[in-house]
Amino acid sequence: MQMIKIIYATKTRHSQKIAEAIGDALGVQADNFTSGPVLKDVDLLFIVGGIYGGASLPAFLQYVHTLDKAMVKKAVLVTSCASKKQGQDGIRKILLEKGIPVTNEFICQGSFLFMGMGHPNKKDIQAALNFSQTVLREESGGE
């Protein structure tokens, strides 16, 4: 059985909503990285975070620097972004430098000020759920 974990970073609670919805669907607790979740022998880590001013939160980037291949085998990124165009490139780069492959990324519509107002909505969160369930099926060799 695969060990799955979900961590998130949030400033606007959007990523928290998405992470908790994915956690409920997968039967896994979603943890805010600031609570210092223990990551050990994780087969698949869902990393949920937003893009603020073109980048992930600096403290989240620092946290990701503490991860290593012995702690996490693979990662999946779920990103909340007002433009729905920018991924978590900084986090991806750190993980790859650590030898942790990023198997996929889903970019969810987020919002900032008037851009993307009302997002993520139920439809956006459902799309993130569908993505996470598809990834899990693929990772476990199912259809």
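Contact, as the word is used in this report, means heavy atoms within 4.5 Å. Helices (H or I, at least four residues) and strands (E, at least two) are DSSP runs, numbered from the N terminus. The structure is a predicted model, in which local features need pLDDT of at least 70 and side-chain atom pairs count only at pLDDT 80 or more, while totals for chains, interfaces and linings use all residues. Residues are numbered from 1 along each chain as its sequence is written, and side-chain values use heavy atoms, with hydrogens and water left out.

## Helix 2 and helix 3

Two packed helices are described by the angle between their axes and the distance between the axes. The axes are lines fitted to C-alpha atoms, for helices over the stretch in contact, and the angles run from 0 to 180 degrees between N-to-C directions. Helix 2 covers residues 58-65 and helix 3 covers residues 89-97; their axes lie 9 Å apart, at an angle of about 15°. Helix 2 and helix 3 are therefore roughly parallel to each other. In these terms, angles under 35 degrees count as roughly parallel, over 145 as roughly antiparallel, 65 to 115 as roughly perpendicular and the rest as oblique.

On the side of helix 2, the residues that meet helix 3 are F60, L61, V64 and H65; their counterparts in helix 3 are G90, I91, I94 and L95. The residues of this contact of helix 2 with helix 3 comprise six nonpolar, two polar and no charged. Here Ala, Val, Leu, Ile, Met, Phe, Trp, Tyr, Cys and Pro count as nonpolar, Asp, Glu, Lys and Arg as charged, and the others, Gly among them, as polar. The crossing of helix 2 and helix 3 is right-handed; a crossing is left-handed if the near helix is turned anticlockwise from the far one by less than a right angle, and right-handed if clockwise.

Helix 1 has 13 residues, 14-26, and reaches 19 Å from its first C-alpha to its last, close to the 18 Å expected at 1.5 Å a residue. That expected span is 1.5 Å times one less than the number of residues in the helix. The buried residues of helix 1 are H14, S15, Q16, I18, A19, A21, I22, G23 and L26, where buried means under 20% relative accessible area, exposed over 50%, and partly exposed in between (1.4 Å probe, protein chains only).

Helix 4 spans residues 122-139, and its axis comes within 9 Å of the axis of helix 1, with a crossing at roughly 45°. That makes helix 1 oblique to helix 4. The crossing of helix 1 and helix 4 is right-handed. From helix 1, K17, I18, A21, I22, A25 and L26 meet I125, A128, L129, S132, Q133 and L136 of helix 4. Nine nonpolar, two polar and one charged residues form the contact of helix 1 with helix 4.

L26, in helix 1, is buried, with a relative accessible area of 17%. Not counting residues up to four places away in sequence, L26 touches F46, S132, Q133 and L136.

## Backbone at the loops

R13 lies in the loop between strand 1 (4-9) and helix 1. The phi of R13 is near 75°, a positive value in a residue other than glycine. After helix 1 comes G27, whose phi is positive, near 70°. D41, in the loop between strand 2 (30-32) and strand 3 (42-50), has a positive phi of about 55° although D41 is not a glycine.

## Individual residues and separations

C81 lies in strand 4, residues 72-81, and is buried, with a relative accessible area of 4%. G54 lies in the loop between strand 3 and helix 2 and is partly exposed, at a relative accessible area of 39%. V102 is found in strand 5, residues 102-109, and counts as buried at 14% relative accessibility. Leaving aside neighbours within four places in sequence, V102 is in contact with A75, L77, R92, L95 and L96.

| Pair | Distance along the chain | C-alpha separation |
|---|---|---|
| C81 and L45 | 36 residues | 20 Å |
| G54 and Q88 | 34 residues | 9.2 Å |
| L26 and I47 | 21 residues | 14 Å |
| V102 and I91 | eleven residues | 9.6 Å |
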